[in-house]
Amino acid sequence: MSQVVGRDDLLLVTLDTLRFDVAVELAEAGRLPNLATHLPGGRWEERHAPGSFTYASHQAMFAGFLPTPAAPGPHPRLFAARFEGSESTADRTYVFDAPDLVSGLADAGYRTVCIGGVGFFNKRGALGSVLPGMFQESHWEPEFGVASPTSFEAQVARAERVVAELPAVQRLFLFVNVPSLHQPNWFHLPGATREAGDSRATHAAALEYVDRHIGRLFAAASSRRRCFTIVCSDHGTAYGDDGWTGHRLGHESVWTVPYAHFFLEPGAH
C-alpha cells in the first residue's frame, strides 16, 4: 500500500449493515455476478468489524482500522497513522501523519470525496456532519438515504459525475457508504410488504440490487487509471438471531463482516 498511494486512485465502499453469512450465501449461489467477478477467488473474506454500528465503525476505519481478519493476529494493516508501538504497522503499510486517513490522503495530493448514505452522512445536523466533514467534498441527498428504493443508483450517478468532472491528473479517494442493506430494505424483495417488515430474505434482495448496479461504480472509479478498491461491511445486523434484533450489540451476526480488496484495471465494470 505504501507504493499504491500516490500512484493509483482509491475506492472504499462500505455496504452498510451487510451480514457475512448472507454475502457468502449469495456469492456461492451465483447471485452476485458483478461483485463475485472481482472478489479474490470469487469469495468474501471473513473479518471482524471494528465497531457494532455505523458511526463507531467508520471512525475506526477512517483512522486506518479496517475490519480485522477473523484469525489470530497480529495482522499488518493497509493504512495506519504514525503511532509509537503499533504492532499492526508493517513495512508495506501506508503510514500517514494526519489524525485520520482521509486527511492523510488529502495531504498526499488526493481529492477526497464522500458520497453518503445512512443518516450519519446526511449533514442535516452536527452528528451527521462529522464523518462527511473529514472530506474535501461530500454529497448527500434524500434519494441517497435509507428510505429510497433507488438509493444506490442515485449514488452511482453522482459518483459518475464526480469522476467526470475531475482533471485527469488528479488522484481520487472516493468513499461510498451504501445504505441499501440497512433497514428498511423490505422494498427490494418483490411481494414483500411494509407491514411484514425486513427479514434476512429482504436483506439478501437488497444485496442483489446493489450488485446489479455496482459495475457502473467500478467502471467510473477505474475510468482514469488503475483503482485500488476495498468493499466491505461496517457491521452486520441481527434478524431474530438467538432472540437479538438490530445492531449496536455484541452478537456474531453483527461483529462478523464480509471484506475484499482488489485492483480495478482501467475499464473495469
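Colleague: Is Arg 158 buried or exposed?

Modeller: Arg 158 is buried, with a relative accessible area of 13%. The cut-off for buried is under 20%. Bear in mind that this is a predicted model.

Colleague: Which residue does Arg 158 form a salt bridge with?

Modeller: Its partner is Glu 141. The closest N and O atoms of the two are 3.9 Å apart. The pair links distant parts of the chain, 17 residues apart. Arg 158 sits in helix α6, residues 151-165. Glu 141 sits in the loop between β7 (137-139) and α6.

Colleague: And Glu 141, how accessible is that?

Modeller: Glu 141 is partly exposed, at 29% relative accessible area.

Colleague: What does Glu 265 pair with?

Modeller: Glu 265 forms a salt bridge with Arg 226. Their closest N and O atoms are 3.8 Å apart. Glu 265 is in the segment after β12 and Arg 226 is in the loop between α7 and β9, so the pair ties together parts that are 39 residues apart in sequence. Glu 265 is partly exposed, with a relative accessible area of 44%. Arg 226 also counts as partly exposed, at 24%.

Colleague: Which residues do salt bridges with shared partners join into one network?

Modeller: That network holds Arg 19, Asp 21, Glu 25, Arg 200 and Asp 241.

Colleague: How many salt bridges are there in the whole structure?

Modeller: The search finds 15. One of them joins the side chains of Arg 200 and Asp 21, at 3.2 Å from N to O.

Colleague: Staying with α7, where is His 203, and is it buried or exposed?

Modeller: His 203 lies in helix α7. It is buried, with a relative accessible area of 0%. A polar atom of its side chain lies 3.2 Å from the backbone nitrogen of Arg 19. Arg 19 is also one of the residues in the salt-bridge network.

Colleague: New topic. What is the volume of the largest pocket?

Modeller: About 560 Å³. It is lined by 25 residues. The closest to its centre are Met 1, Pro 76, Arg 77, Leu 78 and His 261.

Colleague: What classes of residue make up that lining?

Modeller: The pocket lining has 12 nonpolar, 9 polar and 4 charged residues.

Colleague: Which element supplies the largest share of it?

Modeller: That is β12, with 3 residues. Strands β3 (68-69) and β12 (256-264) each supply at least two.

Colleague: Why call β12 largely enclosed?

Modeller: Of the 9 residues of β12, 7 are buried, so the strand is largely enclosed by the rest of the structure.

Colleague: Which strands is β12 joined to by bridges?

Modeller: Strand β2, residues 45-48, is joined to β12 by 4 bridges, and the two run antiparallel. In that pairing, Glu 46 has Pro 258 as its bridge partner. Strand β9, residues 227-232, is joined to β12 by 6 bridges, again antiparallel. There, Cys 232 has Tyr 259 as its bridge partner.

Colleague: Now the cavities. How many of 30 Å³ or more are there?

Modeller: The search of the whole structure finds 1. The largest cavity has a volume of about 70 Å³.

Colleague: What lines it?

Modeller: The lining is Leu 10, Leu 11, Leu 12, Met 61, Leu 66, Phe 79, Leu 101, Leu 105, Phe 173, Phe 228 and Ile 230. Elements β1 (9-15), α4 (101-107) and β9 give two or more residues to it. β1 gives the most, with 3 residues.

Colleague: How many polar or charged residues are in that cavity lining?

Modeller: No polar and no charged residues; the lining has 11 nonpolar residues. The lining of the largest pocket, by class, has 9 polar and 4 charged residues.

Definitions and conventions
Residues are numbered from 1 along each chain as its sequence is written. This is a predicted model: local features need pLDDT of at least 70, side-chain atom pairs count only at pLDDT 80 or more; totals for chains, interfaces and linings use all residues. Side-chain values use heavy atoms; hydrogens and water are left out. On a 1 Å grid over the protein atoms alone, a cavity is a set of points where a 1.4 Å probe fits but cannot get out, and a pocket is an open set with protein on both sides within 12 Å along at least five of seven lines; lining residues have an atom within 4 Å of a point. Grid points are joined across faces, edges and corners, and a volume is the space filled by probe spheres set on the points. Ala, Val, Leu, Ile, Met, Phe, Trp, Tyr, Cys and Pro count as nonpolar, Asp, Glu, Lys and Arg as charged, and the others, Gly among them, as polar. Buried means under 20% relative accessible area, exposed over 50%, partly exposed in between (1.4 Å probe, protein chains only). Two strands pair if DSSP finds at least two bridges between them. A salt bridge is a side-chain nitrogen of Lys or Arg within 4 Å of a carboxyl oxygen of Asp or Glu. A polar contact is a pair of N or O atoms within 3.5 Å; within protein, one must be able to donate a hydrogen and the other to accept it, and residues adjacent in sequence count only if both atoms are side-chain atoms.
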